[in-house]
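Take a look at the fold below.

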Amino acid sequence: MTDHIRAAVVGSTGYGGVELIRLLLTHPKVTITSVISSSNAGEPLTAGYPHLQQALPVETLDGVDPAIIREKADVVFAATPSGVSGKLVPQLLEHEGLRVIDLSGDFRLKDRAAYETWYKHEAPPQASLEQAVYGLTEIYADQVRGAAFVSNPGCYPTATTLGLIPAVEAGAIDRGSIIVDAKSGVSGAGRGLNIGWHYAEMNENFKAYKVNKHQHIPEVEMVLGERAGEPVTVTFTTHLVPMTRGILCTMYASVADDRFLSEDAWIEMYRSYYKDKKFVRIRDKGQWPATKEVWGSNYCDIGFSVDPRTRRVTIISVIDNLVKGASGQAIQNLNVMMGWEEDLGLRLAPVYP
Ligand SMILES: NC(=O)C1=CN([C@@H]2O[C@H](COP(=O)(O)OP(=O)(O)OC[C@H]3O[C@@H](n4cnc5c(N)ncnc54)[C@H](OP(=O)(O)O)[C@@H]3O)[C@@H](O)[C@H]2O)C=CC1
Ligand SMILES: CC(=O)N[C@@H](CCC(=O)OP(=O)(O)O)C(=O)O
């Protein structure tokens, strides 16, 4: 088993990349050897992110032969936008022995036509789509172990699918009745400026966006359908909340089996399903998780309420979008790929308040 590896982070000046760097700096088996972005070449990372106080100079990808990246790194984290990853990753994968973990949406959907419908640009080559292992670690660790290329799940799909998979697998809910009401902090949109989320637009505001059009809908349906063994559709509405980090998904479905008309039954089912999973915490009866209770950590917390009057269950799941929704899950995948303990570098209690 390899005991120590060198890592490059591409997209190092974005929120996902910089959170990866923060976490990797404490990882006992990883040394960061390259931080790469499309601009800021030659500047220390500290110029944009003084909280890190790292002398690492930012390199630019322009004109850099992926062979040079390979010389300096054993694993590359691509924290780059959709479309950029789709072109970069296939070039990286040509280099023998280089492992890649991509944080974008480019390699999650196996169906190129579906990708082009939802992402509105050309899909990556079929061969690299087939090579990508979908890294929802709690569910697909067997495929992730030893993989060369992992596609990290989206932030909303992580919170949604971890909250629904045990229910769809058990047939506890009517699979056609699922409604997901999802809310995200603004860091989910990245560091780039946009009129829709500057301070005056977001402060004291709460808004829905991409209603029935969000690119994470096919990803959620792909995972739930695969686990259910039959197609699953969801109504999925995303909202922006005036906070920095966190995703909270409130999920509603009709209970399909009378054994699941009590909270105790849900808690028992989920605790049993996730019993060996370090990063999923099932709340006690009457406790619904809040985003701050997982802030800065790799946890996904889940709570339940069942209404016998309407025969509907309400499932509430929370994650930190930048950790379990992106960089923390990427490190969890690296640990599993390498055969290391799954929580290396991730033994973080949430920051509170
Ligand atoms: N933010 C989140 O909560 C989550 C994000 N993701 C995904 O992770 C990826 C990164 O997101 P996030 O960090 O939020 O985005 P940001 O917009 O904050 O950062 C994007 C990064 O990519 C770099 N970049 C852009 N174009 C290129 C290029 N052509 N070559 C090299 N680097 C480039 C940027 O560098 P520069 O500034 O120099 O151009 C920047 O470092 C995206 O695919 C996103 O969808 C996934 C889950 C959650
Ligand atoms: C708040 C916010 O804008 N969030 C982004 C999530 C982006 C993201 O994580 O994109 P991928 O998972 O597709 O890479 C969005 O809703 O599009």
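A residue counts as near a molecule or strand if its C-beta atom, placed from the backbone, lies within 6 Å of it. This is a predicted model, where local features need pLDDT of at least 70, side-chain atom pairs count only at pLDDT 80 or more, and totals for chains, interfaces and linings use all residues. Residues are numbered from 1 along each chain as its sequence is written, with chains lettered from A and ligands numbered from 1 in the order in which they are written.

Start with ligand 2. Around it stand Ser82, Ser104, Gly105, Gly154, Cys155, Ser184, Gly188, Ala189, Gln215, Thr238 and Leu240. This shell has eight polar, three nonpolar and no charged residues. Ala, Val, Leu, Ile, Met, Phe, Trp, Tyr, Cys and Pro count as nonpolar, Asp, Glu, Lys and Arg as charged, and the others, Gly among them, as polar. Domain 1 (5–131) and domain 2 (156–321) both contribute to the shell, so ligand 2 lies between them. The domain bounds come from an automatic or database domain assignment.

Now the sheets. Strands (E, at least two residues) and helices (H or I, at least four) are DSSP runs, numbered from the N terminus. Two strands pair if DSSP finds at least two bridges between them.

One open sheet has seven strands in the order β3-β2-β1-β4-β5-β7-β6, and its pairing is parallel. β3 (58–60) and β6 (133–134) are at the edges with a single partner strand each, so one side of each has no neighbour in the sheet. Four bridges join β4 and β5 in the parallel sense. Alanine 78 has aspartate 102 in β5 as its bridge partner.

Helix α3 lies across β1, β4, β5 and β7 (149–151), at about 165° to β5. Angles run from 0 to 180 degrees between N-to-C directions, with axes fitted to C-alpha atoms, for helices over the stretch in contact. Contact means C-beta atoms, placed from the backbone, within 7 Å.

The other open sheet also has seven strands, ordered β9-β10-β8-β11-β14-β13-β12, with mixed pairing. β9 (207–209) and β12 (280–282) are its edges, each with a single partner strand, so one side of each is left without a neighbour. From one strand to the next, the twist averages 25°. β11 (residues 247–254) and β14 (residues 312–319) run antiparallel over eight bridges. Serine 254 is bridged to arginine 312 in β14. Helix α7 (residues 155–170) packs on this sheet, its direction at about 35° to that of β11.

Terms used
Two residues are in contact if their C-beta atoms, placed from the backbone, lie within 7 Å.
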